[in-house]
Amino acid sequence: MSEPHYLKISDIQRCSGKRVAIDTETTGLNWWECELTDIGLYCPDAGVSGVISTLDYGVAAEAKAEIQRWSPGTVTILHNAKFDYHFLNVNPRDYGWNCIDTTVLIHLLDSRYLKSLVSAELVFLGENSKRGYVESAPAKTKIWNWPPDLRAVYCENDAIVTYQLAEELVPQITDWGLWGLFEKDMQYLAIILDIETYGIVADQEFMANSKRALDKRLVFLAEQLYEAVGHEFNWRSTKQLSKALYDDLGIAKPKNPFAGADGIDHSRFADAGKYKSTCTSTFLLTEKVHHPCGELVSALRETALMISFLKKWHELVATDGIFHSNFNITGTRTGRLSSSKPNLQNVPSEVRGRFTQSVFTGDTTRTDEYNLRKAFVARKGMTFLSVDYSQMEIRTFAILSKDPNMLTAITSGEDVHLYIALKIWGDCGPEINKIHREWSKTISFGLLYGMTVGSLQYKLNMDRARALDVIAQYKNYFPRIDPWMREIIERCKEFGYVRYWSGRIWREEDPIYFYRGCNALIQGGSADMLSIAAIRVSEWCRSQKNPTDYHIVNLVHDEIITEVPEWDVERCAKEIAELMQVEDIFGIPYVTEPKWGPSYGDIVKKGKDASEYEKKKNEFEEQYEDIEEEVEA
DNA sequence: AAATCGTGCGCG
DNA sequence: AAAGCGCGCACGATTT
């Protein structure tokens, strides 16, 4: 092992204004409760290479303060910058530093690359310098428990590798014409750093009440099921469930819809084991197996899932009652954001079961203990303001494909799906129009994602000829759909990638997946637009008279949620909704819709009756009592 | 005992 | 219940 190079506090200032790679080691991943153990710096222009050991709290504070004195224009280079910045308690934007995050460089070159430093070094520098250190460390020991000298050389090495990666990758990014997009993503990263730091408050009382009610509900439902079947079993196991329903209870098992007249599945999927012979999906159980046990299992699954959300959240909420979720800008194939610990992008809402397997089966409203968005609340005196885009992806499709009729549809100001349905199939009376509207929705989203005829006939329960006819009518009305899709597939064939309006590159070499490029352009193109909107909203927040009262708290693909003073919400709604239209980008406004309320589960459009909240609350209390009685009985 | 895969489902 | 895109997470079953 090489000797560690311990730096003096005074060495830190030598990096100011220069290109400096930073790597930190810490006592854990949770930056809001863990400590820095080391700060590695590599700045060849200043002749600095080494580590500040920050095990001493005073030294850590001193080192952080010195770093904060770096002048504007200092180029900080980090691998997964958000992590280190959280521990250093700084946002590079606030100090005028440039930031180069090497994971983002990699992601922009090809979103399929793994982002770990080991993998990056191997792919782009052809080495694995970490291995030696890891092998000389005590087996299965966390880095923060390593001997300090070993950790120091490891940390310094990571900083050096990060610097080398930037040297290698920045010219590649420039060559591909991606530098502008990279700078945008670095601005985005700074905002996400703010969002994570500020966090979102947990309503732990709601979580506890909801959990209690759901636990009882689960026991009650399970007992019902076991009684019906005649014995206990693990309903979570598809194997055991299949046996209980179709063998023990003798319910008729749904026929394989892909089987031919001889009852045998001759499709190309049959051998691949794609047909799940247990037949226990919720879709089958509720739509095809008409038996109360199907409903029971469906309710059990929903209840169990809600409980698992609550259990996870209980572990994740910090001691100050705040969630510090993690948003990853390099986590998806298309350029969307992903969220974890907790995932703030898949929180169950009040509306349940809109679709089962994408087949419309009617909306139902969840009672309060199932409306888990209520677990996220605004701080005292504040309110959540959620502004989302209407039909964002259809709008992006219209703009990218320049389909004249689709552009008219989205700028008409009408209900887009109904508008399309009426244009294609005419006014057939309210009942039939409703069906046509569902068709239109299924086809619109299906086409965007590359749905096949077979799938549509299955989804809409039509024969092949009818499904083909419906698609033909749709495509006949929107003449640019087919040509646009063909162009994208052609580009994939020719270049091995397609470019978004933003310049982002989506790569694919396998012809069987070229069709996914259409979805990537729409989904990812929308994501790049939302990120720009978020950057502007963040700037707006910081330009307010009292900026500490205005924060973004969540981003959900087509929605920006801010926390603003309750008294000021109407003005905020108006200004942010307008700002988010970003009309300057395409010359066409993205229509936005503001809603607000005291919790994420209780945001409604302006004008909705406040007594609605009290009404639901009472229903919750009643239902909770019912469950208590049910269980006791 | 731990890692990985398969299934299922929440969201857009 | 495969066929339409993109995620994160929990759990059972299976593999190492």
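**View 1. Two arginines sit over aromatic rings.** Arg379 lies over the face of Tyr198, at 3.7 Å from the ring centre. Arg507 does likewise with Trp176, at 4.4 Å from the ring centre. A charge counts as over a ring if NZ of Lys or CZ of Arg is within 6 Å of the ring centre and within 35 degrees of the ring normal. Please keep in mind that this is a predicted model, where local features need pLDDT of at least 70, side-chain atom pairs count only at pLDDT 80 or more, and totals for chains, interfaces and linings use all residues. Residues are numbered from 1 along each chain as its sequence is written, chains are lettered from A and ligands numbered from 1 in the order in which they are written, and side-chain values use heavy atoms, with hydrogens and water left out.

View 2. Rings of Phe, Tyr and Trp (its six-membered ring) pair if their centres lie within 6.5 Å; planes under 30 degrees apart count as stacked, over 60 as edge-to-face and the rest as tilted. The count by this rule is 24 aromatic pairs. In one of them, the rings of Tyr389 and Tyr590 have centres 5.7 Å apart and planes at 80°, so this pair is edge-to-face. The two tyrosines link distant parts of the chain, 201 residues apart: Tyr389 is in strand β15 (residues 382–389), and Tyr590 is in the loop between α23 (583–586) and β20 (592–597). Helices (H or I, at least four residues) and strands (E, at least two) are DSSP runs, numbered from the N terminus. Both Tyr389 and Tyr590 are buried, where buried means under 20% relative accessible area, exposed over 50%, and partly exposed in between (1.4 Å probe, protein chains only). Phe495 and Tyr497 make a tilted pair, because their ring centres are 5.8 Å apart and their planes stand at 35°. Phe495 is partly exposed at 46% relative accessibility, while Tyr497 is buried at 17%. Look also for the aromatic cluster formed by Phe309, Trp313, Phe323 and Phe376.

**View 3. Five strands form an open sheet with mixed pairing.** The strand order is β3-β2-β1-β4-β5, and two strands pair if DSSP finds at least two bridges between them. At the edges stand β3 (48–53) and β5 (98–101), each with a single partner strand, so one side of each has no neighbour in the sheet. Strands β1 (residues 19–26) and β2 (residues 36–43) are antiparallel over six bridges, and Thr26 has Leu36 of β2 as its bridge partner. β1 runs parallel to β4, joined by three bridges, with Ala21 opposite Ile77 in β4. β4 also pairs in the parallel sense with β5, over four bridges, and here Ile77 has Ile100 as its bridge partner.

**View 4. Helix α5 lies across two strands of the sheet.** Eight of the eight residues of α5 are buried, so the helix is largely enclosed by the rest of the structure. Its buried residues are covered by elements including β4, β5, α6 (117–125) and α8 (148–175), with contact meaning heavy atoms within 4.5 Å. In β4, Val75 and Ile77 point one way and Thr76 and Leu78 the other way, and all are buried.

Notes:
Axes fitted to C-alpha atoms, helices over the stretch in contact; angles between N-to-C directions.
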